[in-house]
Amino acid sequence: MGVPERLAERMSMAEQHEYLRARFSRRTMIRGGAVTLGAVAGGAFVPGATARAAVPTARTAPATATATVDGAHVAPFGRHLAYGTDPRTEMTVSWQVPVAVKKPFIRIGAHPWDLSRKIDAEVRTLFTPAGVGASGNHTQYYVHARLTHLRPGRTYYYGVGHQGFDPAAPHLLGTLGTFTTAPAHKEPFTFTAFGDEGVSYHALANNSLLLGQNPAFHLHAGDIAYGDPAGQGRTDDTGFDSRVWDQFLAQTESVAKSVPWMPAYGNHDMEAWYSPNGYGGEEARWTLPDNGPDKKNLPGVYSFVHGNTAVISLDANDISFEIPANLGISGGTQTKWLEAQLKKYRAAHDIDFIVVFFHHCAYCTSTSHASEGGVRQEWVPLFEKYTVDLIINGHNHQYERTDVIKGNKVTKKLPIGGTAYPETEGVVYVTAGAAGRSLYAFSAPLSYEGNEHDVESVASFVNVKGGKQNETVAWSRVRYLDYSFLRVDVTPAPKGRLATLTVRGIAENGDQVDHFTVARRAK
């Protein structure tokens, strides 16, 4: 139930939000509550950190949603990790509880038998009222513990609990998890990436393979759970169901409880009911590095460094002509911040590679979304100026990899097994959007490892201001149409030698469908 069409045409997204909030608040008051996104408890810290109180929100959940039950009967689920601003010393552990609990906390230590350090956690309550989407009244309780002052390259054991449920109890030791902080110095590591997961058998299969790669972290290039299947970022999107997030976090826990799961936000992640920018729900579920340019409007924009590699998460909803719900929301600050980050990382003496990930594709020939002109207009020139080493996108539900591109043209054909040198040649773009949602299609023949069918050109289109613009492209090198993900092996080198990114497309059945190398002289 959204804003009536006759009103929506004359209202901004913020005005529509206020209209709906007032409308549903009146309805809920009859039942004794108010519609809300609210914090219930205080912040979370590690030994040596200074305690800070949580910042409460302006509204609270209905009284009936905050009643607690015996904590001994409630088990946490959906654990997911995220790096802090400095992955060497900071980690956030997040989880969910199905009902309200008292005094949530995390225990942490260097051994499973030594979890004496107990740190309070923060609860963020997300209430979705009947009439917003597919379910009745639904309250979700997301719990977060920010850990700081950790040691680089150290593996920690942790357990999450609350009053009545102590993970240090002998019968609950099986609930413990681990995580490892980023190293203090350059060393080899692996990371994985995909986009457009949702909840499905195929998503679960991909997750089971992710663990086998032993990644240091995982990048999720947008369209995370598909609680909003419409994906237009509008208050009248149909089919929204907040309960899908419960399923998603339970599904990904096998990986995300030990591997930092770092998302960028896609169009299906703009859940317009919760806040004018659509990210109120995401802010309840995730705690991400707090170093972006505009935390109010773009909470999914941030950067971090692991070893010799800088990673930048962008929000392409800000510049998307195809799905314009949040077009221009940053007022240009995101692009300015991006250039500053690229300039800083390229000049840093200890960083060799820059990897950028976001949702909408700069270059893709899918028959569904294809390429986003806003990305080409705003960001591609910066990627080329600062010789970004790898771009990872989602949005199109398939695997596609380009040749080396500069100035919208192929500067070097990059066959399967080839090597790109971004310092002199250009940028390689990978669409890895086949994590679990239904697959799209290509207009050209499939071409992948063991089944290569090179073509001179592919008919496609790019989304520009005002609609679609047809184009014929020569840069589509690998096209694979089944569920898959990306594995990237990072190998440092002594100063002056070639450091490498070895990039592999891995199918749901474990087959390798693509591989190539990005090489750069180490600093």
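A nonpolar core is a set of buried Ala, Val, Leu, Ile, Met, Phe, Trp, Tyr and Cys residues joined through side-chain atoms within 4.5 Å, where buried means under 20% relative accessible area (1.4 Å probe, protein chains only). The views show a predicted model, in which local features need pLDDT of at least 70 and side-chain atom pairs count only at pLDDT 80 or more, while totals for chains, interfaces and linings use all residues. Residues are numbered from 1 along each chain as its sequence is written, and side-chain values use heavy atoms, with hydrogens and water left out.

**View 1. The largest nonpolar core.** This core has 92 residues, and Phe179 and Leu219 are those with the most contacts inside it. Its largest share, six residues, comes from helix H4 (residues 243-256), a helix being a DSSP run of H or I with at least four residues, numbered from the N terminus. Apart from this core lies another, of 33 residues, including Tyr363 and Trp475.

**View 2. Strand S17 and its neighbours.** Strand S17 (residues 390-393; a strand is a DSSP run of E with at least two residues) has Leu390 and Ile392 buried on one side and Ile391 and Asn393 buried on the other. S17 pairs in the parallel sense with strand S15 (residues 353-357) over three bridges, pairing being defined as at least two DSSP bridges between two strands. Three bridges also join S17 to strand S22 (residues 429-432), again in parallel.

**View 3. Two cysteines without a disulfide.** A disulfide is a pair of cysteine sulfur atoms within 2.5 Å, and the count by this rule is zero. The sulfur of Cys364 is 4.4 Å from the closest cysteine sulfur, in Cys361, which is too far for a bond.

Definitions and conventions
Buried < 20%, exposed > 50% of the residue type's maximum accessible area, 1.4 Å probe, protein only.
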